[in-house]
Amino acid sequence: MLKRMGCQVDVASNGIEAAEIVRSRAYDIVLMDVMMPEMNGIEATRVIRATDGPNWKVPIVAVTANAFSQDRRDCLDAGMNGFLAKPMTREGLAEAILAALKVGVRPAVPDAPRRHDDSVGETEFESTSGFSIQRETSA
């Protein structure tokens with residue numbers, strides 16, 4: 001679905017790999033699968049938010065089949081900027097990505113963990129844990 005939207009996609013097979021990928025490459029956005037093996041998406045988000053790397057502030061959208069209000073709160077409390085319930089539509093996915101990019105890294109909840117200022121860096125990539133989006137831009 002993301003490729004059909006014009007995005008390049010990186011895929012992580014588990015939460016540990018997702019956190020490592022996001023810490024090592026520049027992305028505009030991460031779509032984080034909440035239920036990944038080895039480390040879930042909530043923990044992976046906390047790892048990303050706690051690092052000094054270039055992506056500690058990348059917008060992260062939770063992607064999950066668990067759509068209860070407590071699930072949403074847990075994701076936002078971990079530092080995610082948005083929430084997308086499965087199954088998703090192309091329109092819902094696009095809306096979630098656009099909303100998160102507008103939010104940037106401003107905390108979705110007042111006490112969301114942050115290590116640095118809330119400024120948004122300039123990058124040419126988007127990502128998802130479970131997917132990662134990389135979009136070509138022209139200068």
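Modeller: The chain exposes about 7,200 Å², and carbon and sulfur atoms supply 52% of that. Accessible areas come from the Shrake-Rupley method with a 1.4 Å probe, and for residues only the protein chains shown count as cover. Keep in mind that this is a predicted model: local features need pLDDT of at least 70, side-chain atom pairs count only at pLDDT 80 or more, and totals for chains, interfaces and linings use all residues. Residues are numbered from 1 along each chain as its sequence is written, and side-chain values use heavy atoms, with hydrogens and water left out.

Biologist: OK, what share of the residues count as buried?

Modeller: Of the 139 residues, 45% do. Buried means under 20% relative accessible area, exposed means over 50%, and partly exposed is in between (1.4 Å probe, protein chains only).

Biologist: And how many helices and strands are there?

Modeller: Four helices and five strands, in the order β-α-β-α-β-α-β-α-β along the sequence. Helices (H or I, at least four residues) and strands (E, at least two) are DSSP runs, numbered from the N terminus.

Biologist: Let's zoom in on H1. Which of its residues are buried?

Modeller: In H1, residues 15–24, they are Gly15, Ala18, Ala19, Ile21 and Val22. Seen down the helix axis, these buried residues fall within an arc of 165°, so they line one face of H1. The arc is that of the directions from the helix axis to the C-beta atoms.

Biologist: What do they pack against?

Modeller: Strand E2 (30–33) and helix H2 (41–49). At the start of H1, a side-chain oxygen of Asn14 also reaches to within 3.0 Å of the backbone nitrogen of Ile16.

Biologist: Now the core. Which residues have the most contacts inside the largest nonpolar one?

Modeller: Met32, Ile48, Val58, Ile60, Cys75 and Met80, in a core of 21 residues. H1 gives the most to this core, with four residues. A nonpolar core is a set of buried Ala, Val, Leu, Ile, Met, Phe, Trp, Tyr and Cys residues joined through side-chain atoms within 4.5 Å.

Biologist: Pick Ile48. What is it in contact with?

Modeller: Leaving aside neighbours within four places in sequence, Ile48 is in contact with Ala19, Val22, Met32, Asn55, Trp56, Val58 and Ile60. Contact means heavy atoms within 4.5 Å. Apart from that core lies another, of 11 residues, including Val61, Leu84, Leu93 and Ala100.

Biologist: Changing topic: where is Asn81, and why does it count as buried?

Modeller: Asn81 lies in the loop between helix H3 (69–77) and strand E4 (82–85). Asn81 counts as buried because its relative accessibility is 9%. The side chain of Asn81 is joined to that of Arg49 by a polar contact of 2.8 Å.

Note on methods:
A polar contact is a pair of N or O atoms within 3.5 Å; within protein, one must be able to donate a hydrogen and the other to accept it, and residues adjacent in sequence count only if both atoms are side-chain atoms.
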